[in-house]
Amino acid sequence: MKKDSCILGIETSCDETAAAVLVNGTELRSNIVSSQIRTHQKYGGVVPEIASREHSVHLIRVIDQALAEAEVGFGSLSAIAVTYGPGLVGSLLVGVAGAKAMAYAAGVPLIGVNHLEGHIYVNFLQHSDLEFPFLALLVSGGHTNLILFKAHSSYEVLGRTRDDAAGEALDKVARTLGLGYPGGPHIQKVAMDGNPTAFDFPRATLEPDSLDFSFSGMKSAVLNTLNSAKMKGIELSTPDLAASFQQAVVDVLVRKTLLALERTGVHTLVLAGGVAANGLLRQSLARELDQRQVRFVYPSPEFCTDNGAMIATAGHYHYLKGDFSPWTLNAIPGLSLS
Ligand code: KG4
Ligand code: ZN
C-alpha cells in the first residue's frame, strides 16, 4: 500500500549542487540546481578539489531554497535521500555528511541513493505509467550502460563501456576541437552546421554479439585525423568533424541498444543520463523504436543532466520499501549498479 512521502533529494556527485522536494513520488515541489560549470570551464573540465569546496559553500543555500520553494518545513520531511556514489569522493562526502546531519537533526531516515539508479528513476517521475520490464540505456559523462530492469531494485547490467563513457568521449573531442565544457551540448550545436558523413570515423562494435561499448578508439580517430591534416597544413571543418563524430557515437549507441532489445525481447526502452539530452540520439532511437513498436521513454532535458529530483524519485521508491541507510553511510566513488 502506498504511504505518504515527502522526500528531500540531495545530489553533489560531480559539479552540480542540487536539491529537490518530492511529494508522494509524483508531485515535484521544487528542483534547485546550482551549477559549477562556469567555475570549471576555464580548466576545460571538472577540478575535483574545487568541486568539493563549491558544494561545501552552496549546499545549505540550495537546500534552503528547495524547501522554501516547496513550502515544506524541515519537520514535514519523511526522509532525506542523498547520492552516495558513484562520483568524485570529495563532492560525494559533502552531500552525504550534510544529508546525515540534517536527517539526524530532523529525526527522519537517511536514504543513500546510487546516482545511476537516480538517472533512470527520474523517468518514473515524468512517466508514471512506466512498467517493468524495461531496458535502460544510461549514457552520461562517467557511464555507458545497457541495463535490464525486471522490477524495483532487480536489474542486470547487460553491457558497459570498456574505456571512455559516451559523454566523456564527447567532452574530450570537444576540448580538442576548441569547443567549451561540457562538450556534449557544444558538439550538438556546432554539428548542426556540419556534414555527418564528411568523415568516416570507426564504429567500434567489439565482438559481434557483445553489448559492451568502446569509445576511446573513435575519439583517437578524431585526434589522428586532426593531427595528420595539421601536418599537411590542411584546415578541417570543425562543424563537419563534430557532426561526423556525433553521428559515429549515436550509431554505436543505437546499434547496441537494438541488439539488446532483440536479445531480451522487452518492449520498452528508457533513456537516461546527460547524453540522453542529445537531439540526434533521441531522434535516431525514436525512428528505430517506432518501426519495432517499442515504447520509448526519456526525460525532458533538464532531468537528463544531474539534478535533485532524480535522487528524490529513487529515494521515494526506497522509502516505500523501508529501505533506509545506516548512520555509517559512506561515499563510494566507484559504486556500480550490479
Ligand atoms: O549525467 P550527467 O549530467 O553527469 C554524469 O553523471 O556524468 O552527464 C554529463 C554528460 C557530459 O559528458 C555532457 O557533455 C553530456 O552529458 N551532455 C550531452 C548533452 N548534454 C549533456 N551530450 C550530448 N548532447 C547533449 N545535448
Ligand atoms: Zn549524472
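I began with helix H3 (residues 89-106), which lies across strands E1, E4 (79-85) and E5 and runs at about 160° to E4. I note here that the model is a predicted one, and I read every entry below with that in mind.

**Entry on the sheet.** I next looked up the sheet itself, which is open, has five strands in the order E3-E2-E1-E4-E5, and shows mixed pairing. I found its edges at strand E3 (27-35) and strand E5 (110-114), each of which pairs on one side only. From one strand to the next, I read an average twist of 20°. I then turned to helix H2 (residues 48-70), which packs on the sheet and touches strand E1 (6-11), E2 and E3, with a direction that makes about 25° with that of E2.

**Entry on one strand pair.** I followed strand E2 (residues 16-23) along E3 and noted that the two pair in the antiparallel sense over eight bridges. As a point to locate on screen, I marked Thr17, which stands opposite Ser34 in E3. I reminded myself that strands of a sheet pair through backbone hydrogen bonds, either parallel or antiparallel.

**Entry on Leu261.** Leaving aside residues up to four places away in sequence, I listed the contacts of Leu261 as Leu135, Val266, Thr268, Leu289 and Val294. I also checked Leu261 against Leu146, and found the two 115 residues apart in sequence but 9.8 Å apart in space, taken C-alpha to C-alpha.

**Entry on the largest pocket.** I then looked up the largest pocket, for which the computed volume is about 1,100 Å³. Its lining is made up of 41 residues, and those closest to its centre are Ser140, Gly141, Asp171, Tyr181 and Pro182. I traced the elements that give two or more residues to this lining, and they are E3, helix H1 (37-41), helix H4 (115-126), helix H5 (166-176) and helix H6 (183-191). Which element gives the largest share of the lining? I found that H5 does, with six residues. Sorting the lining of this pocket by class, I recorded 14 nonpolar, 20 polar and seven charged residues.

Definitions and conventions
Residues are numbered from 1 along each chain as its sequence is written. Chains are lettered from A and ligands numbered from 1 in the order in which they are written. This is a predicted model: local features need pLDDT of at least 70, side-chain atom pairs count only at pLDDT 80 or more; totals for chains, interfaces and linings use all residues. Side-chain values use heavy atoms; hydrogens and water are left out. Two strands pair if DSSP finds at least two bridges between them. Helices (H or I, at least four residues) and strands (E, at least two) are DSSP runs, numbered from the N terminus. Axes are lines fitted to C-alpha atoms, for helices over the stretch in contact, and angles run from 0 to 180 degrees between N-to-C directions. Contact means heavy atoms within 4.5 Å. On a 1 Å grid over the protein atoms alone, a cavity is a set of points where a 1.4 Å probe fits but cannot get out, and a pocket is an open set with protein on both sides within 12 Å along at least five of seven lines; lining residues have an atom within 4 Å of a point. Grid points are joined across faces, edges and corners, and a volume is the space filled by probe spheres set on the points. Ala, Val, Leu, Ile, Met, Phe, Trp, Tyr, Cys and Pro count as nonpolar, Asp, Glu, Lys and Arg as charged, and the others, Gly among them, as polar.
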